[in-house]
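This report is intended to be read beside the sequence and the coordinates. It treats selected local features in turn.

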Amino acid sequence: MAKPDASHFYLTTPIYYVNARPHLGHAYSTIVCDAIARRKRAMGIDTWFLTGTDEHGQKIERSAQLAGRTPMEFATAISAEFRALWDRLGLTYDDFIRTTEERHKRGVQKLFATLRDRGYIYKGSYTGQYCVSDELYVDGPPGTLCPNCGRVTETVSEENYFFKLSAFERKLLEFYDANPYFMQPESTRREVISFVRSGLKDLSVSRTSFAWGIPVPDDEKHVVYVWLDALANYITALGYGSADPAEQKRFERFWPADIHLIGKEISRFHCVYWPAFLMAAGIAPPRSVKANGWLLFEDTKMSKSIGNIVRAETVDSVLGADALRYFLLREIPFGQDGSFSFDALVRRYNGDLANGYGNLVSRVVAMTHQNFLDGIVPASSEPVPHISDAAEALIVRYFELFDALDFSGALRELWQFISRVDSYISEQAPWKITSIQKALGNLDELRKDPRKMAALKSDGQDLGTILYTAAEAIRIITALIYPILPASASKVWRQMGLGDIQDAAKHAFLTNLAWGGLKAGTKFGEPAPLFPRAEKDAIERMQNLENENNKTAVEAAADKEEKTVAPAPAPAATSVAPTTATRRQTRMENEKLTQTTAVPHENSKPVETGKVHSVPEDVASARLKTSPTEAEAGAPASTDEGTPQPAHITIDDFAKVDLRVAQVLVAERVPKADKLLRLEIDLGYEKRQILAGIAQHYEPEKLIGRKIVIVANLAPRKMRGLESNGMLLAASLPPDGAPVLAGFLEDVPLGARLK
């Protein structure tokens with residue numbers, strides 16, 4: 001791969017799937033890119049920062065149908081929320097692409113035609129398994145679980161165009177060997193290489209079973225496979241496929257991309273399919289793909305289905321966008337999973353920002369105003385080596401860590417320097433000198449008397465040297481922190497009388513950052529709080545905002561159900577088959593889903609939900625409960641007679657339970673588990689596996705085709721080596737608690753929500 005031209009830099013976020021509103025996980029990836037882009041620009045490098053939304057595919061078509069909108073209306077609404085949030089957070093993207101734009105369609109069709117003309121695409125047919133959640137073809141028989149998300153795949157049979165991916169196995173491995181830093185972190189590199197070495201099969205790159213996508217050129221009954229469509233955004237946004245000379249020039253200038261920043265769950269698409277597509281088209285592959293980890297909340301991947309989503313707006317409203325940026329980049333080592341909690345956020349904010357950087361700035365600006373007329377920065381008699389030398393070393397080390405995307409390490413080094421400067425001020429105790437000075441008289445007059453001036457020095461340093469040293473250290477700190485805390489750095493820069501830091505960045509102020517840049521005589525602005533300390537109620541306020549947001553979403557969903565059909569979470573993205581990682585990845589799928597929407601069968605109509613099948617008289621007083629687990633199934637059953645009534649719950653509590661209509665596709669006994677059945681069920685918008693402790697009461701073959709009610713948003717649980725994604729609903733009959741499955745008299749569509 002050609003050596004990169006240091007005069008320009010191109011980086012991209014993943015384009016975000018419009019099946020869900022943006023949350024903190026989306027914000028993390030985009031904030032990382034924004035910090036990189038700001039630093040590159042401040043180094044005088046012509047930088048292009050791209051983000052956007054992925055808007056095609058079967059999931060979007062189904063979700064839009066349920067929401068009562070056209071796919072374009074649905075995609076436009078969610079895409080607008082992403083863009084609005086990025087603007088609210090002050091992110092400096094140069095372009096926001098939507099895959100529904102004409103420029104993108106034009107470029108995708110050119111890429112497809114080029115691949116076909118060069119002999120890498122041919123027509124065939126496909127019968128096999130397909131995961132709608134991941135838009136992924138999966139090898140295996142019917143009922144095979146998706147290797148990414150763990151959900152049951154659908155069987156599809158259709159005419160397709162195929163890409164000769166098998167022809168690139170050796171070429172990709174050679175490319176990886178020649179470019180050892182193409183994939184990072186190392187875990188991603190190992191995983192991808194292992195996948196390629198296991199053998200590559202030709203890849204279907206078109207679909208005919210739905211219409212929401214970009215038509216294949218000269219064969220419009222086909223639409224381009226969503227991953228070929230989506231990945232092409234990185235070149236179509238630069239002008240690939242355009243006849244405009246200016247756009248062509250931009251493509252030539254910035255491609256290949258220096259960094260594709262992605263979530264680790266989509267590494268295969270970016271590190272295998274994408275470079276193969278580009279090689280086949282005669283286009284250079286990107287220079288690197290960097291995969292960030294997942295953002296966990298209470299050790300669980302943020303997921304709508306289990307209600308642990310945190311919105312970036314919540315943190316911004318209470319503590320500001322810079323607090324969020326700092327926490328994410330300091331707390332989460334890039335490439336690894338990281339935990340988020342409101343407690344940890346507030347601790348970092350108060351400890352590092354309010355008591356650390358903010359306090360240092362406030363005390364130095366205040367002391368300068370107290371001791372020097374109009375806050376004029378004093379001259380230093382000489383540098384203080386243990387501060388100035390440390391600052392010079394910090395600049396080199398900080399840039400090294402930043403460029404390696406070790407933001408956490410870079411910030412740790414920076415805050416160690418902040419502590420050093422704080423300690424320096426405390427050791428020199430300039431307030432003592434101030435007291436002596438007041439007793440002796442005017443400082444300008446005192447400077448004429450060497451004997452009196454000697455009394456105004458601490459360890460040989462006069463007040464001017466101490467405050468200049470501290471102020472210059474703050475200038476260095478602020479310049480370094482600018483890409484991560486842009487709003488706060490801008491305030492400090494102005495407070496120090498240095499003007500607009502954005503203008504300084506445009507003039508590449510980081511290229512010549514060195515000790516001694518603060519000129520004596522610079523006039524400081526008035527002291528002003530930078531990071532007001534977060535009080536005890538900050539956590540409660542953020543929690544309340546999240547609760548209110550969730551409540552509003554639930555009410556909106558209920559209103560939608562009254563007017564159309566019941567909405568609910570639809571899946572989206574990834575995991576590995578049954579392990580602890582599987583649980584996290586399965587939950588992660590819900591990131592890409594509509595806020596509260598699910599997807600019914602194509603022919604379903606609006607119906608009233610919640611009308612439970614009438615039951616025999618001896619069942620009428622039975623209590624509805626979820627199916628027992630294996631352990632519960634073996635325990636003595638208790639009746640509800642003579643037992644205390646359960647505690648009351650609020651409507652908000654009930655709204656958290658997502659009850660859905662499903663149909664049993666497969667039912668079979670679990671080996672060596674007398675009480676468990678393994679069910680594969682169809683929710684209309686997805687298929688999934690659940691385990692139920694009803695084997696002693698229902699014959700498996702008699703359940704196939706039956707409509708049931710399940711708790712759809714129960715956290716996944718593993719039993720007997722199998723993962724259960726939900727629980728079915730049944731009445732518990734006295735005296736032994738025998739289950740009777742809930743059902744319906746009406747023809748209720750799959751995916752309908754009970755309320």
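## A three-stranded sheet

In what order do the three strands of the open sheet lie? The order is β10-β12-β11, and the pairing is antiparallel. Strands β10 (206–207) and β11 (215–216) stand at the edges; each has a single partner strand, so one side of each is left without a neighbour in the sheet. The model described here is predicted.

Strand β12 covers residues 219–224 and is joined to β11 by two bridges, the two strands running antiparallel. Within β12, Asp-219 is the bridge partner of Val-216. The loop between β11 and β12 contains Asp-218. Although Asp-218 is not a glycine, its phi is positive, at about 70°. Asp-218 is also exposed, with a relative accessible area of 78%.

## Confidence of the model

The pLDDT of the chain averages 82, and 80% of the residues score at least 70. Over residues 553–622, however, the pLDDT is below 50; this stretch has 221 contacts in the model beyond near neighbours in sequence. Residues 628–644 also have a pLDDT below 50, and that stretch has 22 contacts beyond near neighbours in sequence. Where pLDDT is low, the predicted coordinates should not be read in detail.

Helix α1 (residues 24–42) packs against helix α12 (residues 321–331) at an angle of about 90°, and the two axes are 10 Å apart. Helix α1 is therefore roughly perpendicular to α12, since angles of 65 to 115 degrees count as such. On the α1 side, the residues that meet α12 are Leu-24, Tyr-28, Ile-31, Val-32, Asp-34, Ala-35 and Arg-38. Their counterparts in α12 are Leu-324, Arg-325, Leu-328 and Leu-329.

Helix α2 (residues 58–67) is mostly covered, with eight of its 10 residues buried. The buried residues include Gln-58, Lys-59 and Arg-62, as well as Ile-60 and Leu-66. Also buried in α2 are Ser-63, Ala-64 and Ala-67. Just after the helix, Gly-68 takes a positive phi of about 75°.

## Cysteines

How many disulfides does the model contain? The count comes to zero. Cys-146 is in no disulfide: the nearest cysteine sulfur, that of Cys-131, is 3.6 Å away, whereas a disulfide requires the two sulfur atoms to be within 2.5 Å.

Is Cys-146 buried or exposed? Cys-146 counts as buried, because its relative accessibility is 0% and the limit for burial is under 20%. Cys-33 is likewise buried, with a relative accessible area of 0%.

## Backbone features in loops

Pro-185 lies in the loop between β8 (183–184) and α6 (186–197).

Ala-429 is found in the loop between α15 (407–428) and α16 (430–440). The relative accessible area of Ala-429 is 6%, and the residue is buried; Asp-218, by contrast, is exposed.

Notes
Residues are numbered from 1 along each chain as its sequence is written. This is a predicted model: local features need pLDDT of at least 70, side-chain atom pairs count only at pLDDT 80 or more; totals for chains, interfaces and linings use all residues. Side-chain values use heavy atoms; hydrogens and water are left out. pLDDT is the predictor's confidence in each residue, from 0 to 100. Contact means heavy atoms within 4.5 Å. Two strands pair if DSSP finds at least two bridges between them. Helices (H or I, at least four residues) and strands (E, at least two) are DSSP runs, numbered from the N terminus. Buried means under 20% relative accessible area, exposed over 50%, partly exposed in between (1.4 Å probe, protein chains only). Axes are lines fitted to C-alpha atoms, for helices over the stretch in contact, and angles run from 0 to 180 degrees between N-to-C directions. Angles under 35 degrees count as roughly parallel, over 145 as roughly antiparallel, 65 to 115 as roughly perpendicular and the rest as oblique.
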